[in-house]
Amino acid sequence: MIQRNFRLWATQCHGQAAVLFALMAFPIFIVSGFSLDAMRQVSLKKSLQEVVDASALAGARTFSYSFLTADAGRSATTAYNSNIVSLPGDINCTLKPHQFDTASFSVKVSAKCEVPTVFGIGVSGRSKVAVKAEATGAAIHKTADVALMFDLSRSMNAAELDALKAAGKRAAELIIGVQPGARGRVAVVPFAGGVNAGDFGNAAIGRTSDNDDEGDDIGRVCVTERTGAEAYTDADPTIDNVGGVLTWADTVASTGFDRQSIHNCPDSPVHPLEDDLSVVKGVIDGMARSSGTGGGTTAGHLGIAWSWYTLSPNWDSVWENMTYGGHGGHGAQPYGDPNLLKVAILMTDGTFTQAFAEGVADSDTDVQETNIATAAEALCAGMRAKGIIVYAVAFNATTEAETLLKNCTDNDPDFYFETNNLNQLDDIYEQIAGKYLTVGIVG
C-alpha cells in the first residue's frame, strides 16, 4: 500500500507549471527591471541634454551682445534652473561651473544627474546611476564685408583716437573671427582733409603704378571727387576715373573753382577688404591724425565714397590689380548674394567742410558745406540702393554732422549712434558688430 502511494506521488504531474514559473520568474523580473532602469536612464539622458543645450544657447546669446562672461554665466544658469525642474523629482542634478572662451564667445555647460535604480540595488548593490550631458553654445559669425570709415582730422585728440582704434579693432574681431577666410572681411577707410588711397589711388585716377608727380611719396595719393554723371555712383574707375590729385598749378589752370588736394589727405591710406585679423588690427593701430596742411578740415564725403568703393564689385579692377598692390582676396563679392552682408560703418566728429572739385568746392564756405552734405547723402543713398547696410557713429559731433549722418542711415534710429563719451565708442562698435553674430550648439 505504501509502495503504491509513493509510486502515485512520484508520477504526479500536477503543479509543475507553477514550479517552472517560479524558477523562471526571477530572471525575467531581473531582466525586465534592468530594462526599465535602462529605459529611464536613456529618457533622462535625452531630457538632460535638452536642458543643457538650452542653457548653453542662452549663455552664448547673451555673450554675443554683452561680451561679458559674468552675464553669459548668469543667463546659462537661469535657463538651466528654469528647465531642470521639468525632470522627475526623484533625481539629483548638479550643474558644473561653466567654461568660457572669449575668442569664440562660447559657453560650455555640463551637468550630472543621479537616477535611483528600481531593481539594480538588489542585484548589483547600486542604488543609483549617473547620467551626464554637456553642450557648447557659441557665437557664430554671419558672413559680412564691412567698411570701417574713421575720422583722422586733428579735432580728434590723442586719447580720442586711441579709443577709436580700440573700438575699431574690437569690431574687426567680431566681424572677422579668429580664422582668416572663414567669416567676414574688413576694409579700413581713414579720412581727414581728404582721402589717401595710396597706390590704389593711382589705379583709380588712371595713372601708372608708383606715380609720384606730387613728390610726397607713393604712399600718399590724395584723391578728389568724381565728377560728371557717375559722381555719386560706384562705376568702374577704369571706365570713368575718380578725381585725381590737384596741385596748385592744377587749381590755377582750372576754369571752375577747384582747390588743391595735395597734402590735405592723411598719411594713413585706405586698406581694402581683408580677412586676416592681425593685418586689419595692424592697419588700425597704424592710423595717425593727419599731419597735412589741410589736416584740420574734414572731407567726409570722400570717406563715404571710398567706403562704398571698397565694397563694390565694380572696383575689383583696382583692388585685385597686383601691379598696384592688390590681390584676389581684396575684391568685393557681387551685390545681391543672400549669404553675404555688405556693411558700411561711417564715423566722424565734425561737420564735413573740405571739398576740391568743381561742383562741390565753392568759394563760399556755407555753399561748399551744403554741396558736401548733398554729395554725402547722395552717396549714402546709392549704397543703400545697392543693398549695403549703412551705420553711422557721431562722436562729439556738430549738429550739422549729426543731421547728415542720420540722413545717411535714412533716419533709422537702429542704425545711428551718437555719444560725447570716448569710453562709449567701444560699446557702440561692439553693439554694431555684434548684430552679425548668431548662436548655435557647436559641441
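Modeller: A disulfide here is a pair of cysteine sulfur atoms within 2.5 Å. With bonded cysteines counted along the chain, the disulfides follow the pattern 1-2, 3-4, 5-6. This is a predicted model, so local features need pLDDT of at least 70 and side-chain atom pairs count only at pLDDT 80 or more, while totals for chains, interfaces and linings use all residues. Residues are numbered from 1 along each chain as its sequence is written, and side-chain values use heavy atoms, with hydrogens and water left out.

Colleague: How many disulfides does a search of the whole structure find?

Modeller: Three. Cys 93 is bonded to Cys 113, with the sulfur atoms 2.0 Å apart. Cys 222 is joined to Cys 265, S to S 2.1 Å, and Cys 380 to Cys 408, S to S 2.0 Å.

Colleague: Is the disulfide of Cys 93 and Cys 113 left-handed or right-handed?

Modeller: The torsion about its S-S bond is about 105°, so the disulfide of Cys 93 and Cys 113 is right-handed. Cys 93 sits in strand E1 (residues 92-95) and Cys 113 in strand E3, so the bond ties together parts 20 residues apart in sequence. Helices (H or I, at least four residues) and strands (E, at least two) are DSSP runs, numbered from the N terminus.

Colleague: And what about Cys 222 and Cys 265?

Modeller: There the torsion is about -60°, so that disulfide is left-handed. Cys 222 is in strand E8 and Cys 265 in the loop between H7 and E9, 43 residues apart. Both Cys 222 and Cys 265 are buried, where buried means under 20% relative accessible area, exposed over 50% and partly exposed in between (1.4 Å probe, protein chains only).

Colleague: Where do Cys 380 and Cys 408 lie?

Modeller: Cys 380 is in helix H11 and Cys 408 in helix H12 (residues 399-408), so this pair ties together parts 28 residues apart in sequence. Cys 380 and Cys 408 are buried.

Colleague: Moving on to charges. How many salt bridges are there?

Modeller: A search of the whole structure finds 14, a salt bridge being a side-chain nitrogen of Lys or Arg within 4 Å of a carboxyl oxygen of Asp or Glu. In one of them, Arg 207 meets Glu 214 with the closest N and O atoms 2.5 Å apart. Arg 207 and Glu 214 are both buried.

Colleague: Which partner does Arg 220 have?

Modeller: Asp 267, with the closest N and O atoms 2.8 Å apart. Arg 220 lies in the loop between helix H6 (198-205) and strand E8 (222-223), and Asp 267 in the loop between helix H7 (248-253) and strand E9 (271-274), so the pair ties together parts 47 residues apart in sequence. Arg 220 is buried, at a relative accessible area of 10%, whereas Asp 267 is partly exposed, at 40%.

Colleague: Which residues are linked in a network of salt bridges?

Modeller: Arg 170, Glu 173, Lys 281 and Glu 430.

Colleague: Now the aromatics. How many pairs?

Modeller: Eleven aromatic pairs. Rings of Phe, Tyr and Trp (its six-membered ring) pair if their centres lie within 6.5 Å; planes under 30 degrees apart count as stacked, over 60 as edge-to-face and the rest as tilted. Phe 191 and Phe 352 are edge-to-face, 6.2 Å centre to centre with 80° between the planes. Phe 191 is in strand E6 (residues 185-191) and Phe 352 in the loop between strand E10 (341-348) and helix H11 (365-385), so the pair ties together parts 161 residues apart in sequence.

Colleague: Which residues form one aromatic cluster?

Modeller: Phe 200, Trp 306, Tyr 309, Trp 315 and Trp 319.

Colleague: Last topic, the nonpolar core. How many residues has the largest one?

Modeller: The largest has 58 residues, and those with the most contacts inside it are Leu 48, Phe 150, Ile 345 and Tyr 429. Such a core is a set of buried Ala, Val, Leu, Ile, Met, Phe, Trp, Tyr and Cys residues joined through side-chain atoms within 4.5 Å. Helix H5 (residues 158-176) supplies the largest share of this core, nine residues. A second, separate core of 54 residues includes Ala 187, Leu 302, Phe 352 and Cys 380.
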